[in-house]
Amino acid sequence: WDDLAAETVPLNSVFFTGSDKGYVAGGYCNELGCSGEILKTTDGGTTWTIQTIPPNTEVLNSVCFPDGSTGYFAGDNGTIFKTIDGGTTWSYQSSNVNQNLNTIYFPNATTGYIVGDIGTILKTTNGGFPVGMDEKQKSLLFGMNKSFTTPGTTNEKGSGLGMILCKDFIEKHSGEIWVESNSGKGSEFFFTIPAISKERIQELK
């Protein structure tokens, strides 16, 4: 084995997406707090560069890339990071747990598993995509003046017109549509359509 040490901080996991490009997860804790670290190589490990991630990130314990650009890091206190551009940018994902997450594995682009402390086992079937909406997002969902959309479960783009068209169609049939949602948990959509139209009700009167 050749020593390719790039950092003096503890390094916990390595994953290569090809013969040259790879990523390392690690980090450290001291009296000032904890700091996660991500390293990247594009020359088979000869050189490594520290990636820019949000400050005050927990120690990262595991890394997995189901394809060349989409990757996940799991760490302490339920930390999960995701990138869809090969590590240029990173976003938090909600794990809904506070346990340390030790190993992450994706057999395909959307299905993933994480194991952690105290018997923790997590599973996603949509790439870990955060679900649910906050109050501001809900207020924009059916708006006619400005379309609202988020990436799909496989990062596909939407037009933001789907719910607007649904609302218009249902209201033309004298119905109502609404959503109940909690950020990080999920959404439920409801609609009602009368058995007969308001016009027909008036006729029967």
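Helices (H or I, at least four residues) and strands (E, at least two) are DSSP runs, numbered from the N terminus. Under that definition the protein has three helices and 13 strands, and Gln-51 is found in the loop between β4 (49-50) and β5. This is a predicted model, in which local features need pLDDT of at least 70 and side-chain atom pairs count only at pLDDT 80 or more, while totals for chains, interfaces and linings use all residues. Residues are numbered from 1 along each chain as its sequence is written, and side-chain values use heavy atoms, with hydrogens and water left out.

**The protein as a whole**

- Of the 205 residues of the protein, 36% count as buried, where buried means under 20% relative accessible area, exposed means over 50%, and partly exposed lies in between (1.4 Å probe, protein chains only).
- The protein exposes about 12500 Å², and carbon and sulfur atoms supply 53% of that area; accessible areas come from the Shrake-Rupley method with a 1.4 Å probe, and for residues only the protein chains shown count as cover.
- When contacts between residues at least 6 apart in sequence are considered, 37% of them join residues at least 24 apart, a contact being heavy atoms within 4.5 Å.

- Strands of a sheet pair through backbone hydrogen bonds, either parallel or antiparallel.
- In the loop between β4 and β5, Gln-51 counts as buried at 16% relative accessibility.
- Leaving aside residues up to four places away in sequence, Gln-51 touches Ile-38, Leu-39, Lys-40, Gly-87 and Trp-90.

- Strand β5 (residues 60-64) is mostly covered, since five of its five residues are buried; one of the buried residues is Cys-64, with a relative accessible area of 2%.
- Four bridges join β5 to strand β6 (residues 71-75), and the two strands run antiparallel.
- The two strands β5 and β6 form a hairpin with six residues between them, and the bridge partner of Val-63 in β6 is Phe-73.

**The three-stranded sheet**

- Another open sheet, this one of three strands, has the order β9-β10-β11, again with antiparallel pairing.
- Strands β9 (101-105) and β11 (121-124) stand at the edges with a single partner strand each, so one side of each is left without a neighbour in the sheet.
- Neighbouring strands of this sheet are turned by 15° against each other on average, direction ignored, where axes are lines fitted to C-alpha atoms, for helices over the stretch in contact, and angles run from 0 to 180 degrees between N-to-C directions.
- Strand β10 (residues 112-116) pairs with β11 in the antiparallel sense over four bridges, and Gly-112 has Thr-124 as its bridge partner in β11.

**Cysteines and the disulfide**

- A disulfide is a pair of cysteine sulfur atoms within 2.5 Å, and by this rule the count comes to one.
- The disulfide joins Cys-29 to Cys-34, with an S to S distance of 1.9 Å, and the torsion about the S-S bond is about 105°, so the disulfide is right-handed.
- Cys-29 counts as partly exposed at 47% relative accessibility, and Cys-34 also counts as partly exposed, at 29%.
- Cys-166 counts as partly exposed at 36% relative accessibility.

- Side chains of opposite charge can pair when their charged atoms come close.
- A salt bridge is a side-chain nitrogen of Lys or Arg within 4 Å of a carboxyl oxygen of Asp or Glu, and by this rule the count comes to two.
- Glu-171 forms a salt bridge with Lys-167, the closest N and O atoms being 2.9 Å apart; because these residues are four apart in helix α2 (residues 162-172), about one helical turn separates them.
- Glu-171 is partly exposed, with a relative accessible area of 42%, and Lys-167 is partly exposed at 23%.
- Asp-168 forms a salt bridge with Lys-172, with the closest N and O atoms 3.9 Å apart, and both residues lie in helix α2, four residues apart, about one turn of the helix.
- Asp-168 is partly exposed, with a relative accessible area of 36%, whereas Lys-172 is exposed at 61%.

Note on methods:
Pairing = 2+ DSSP bridges.
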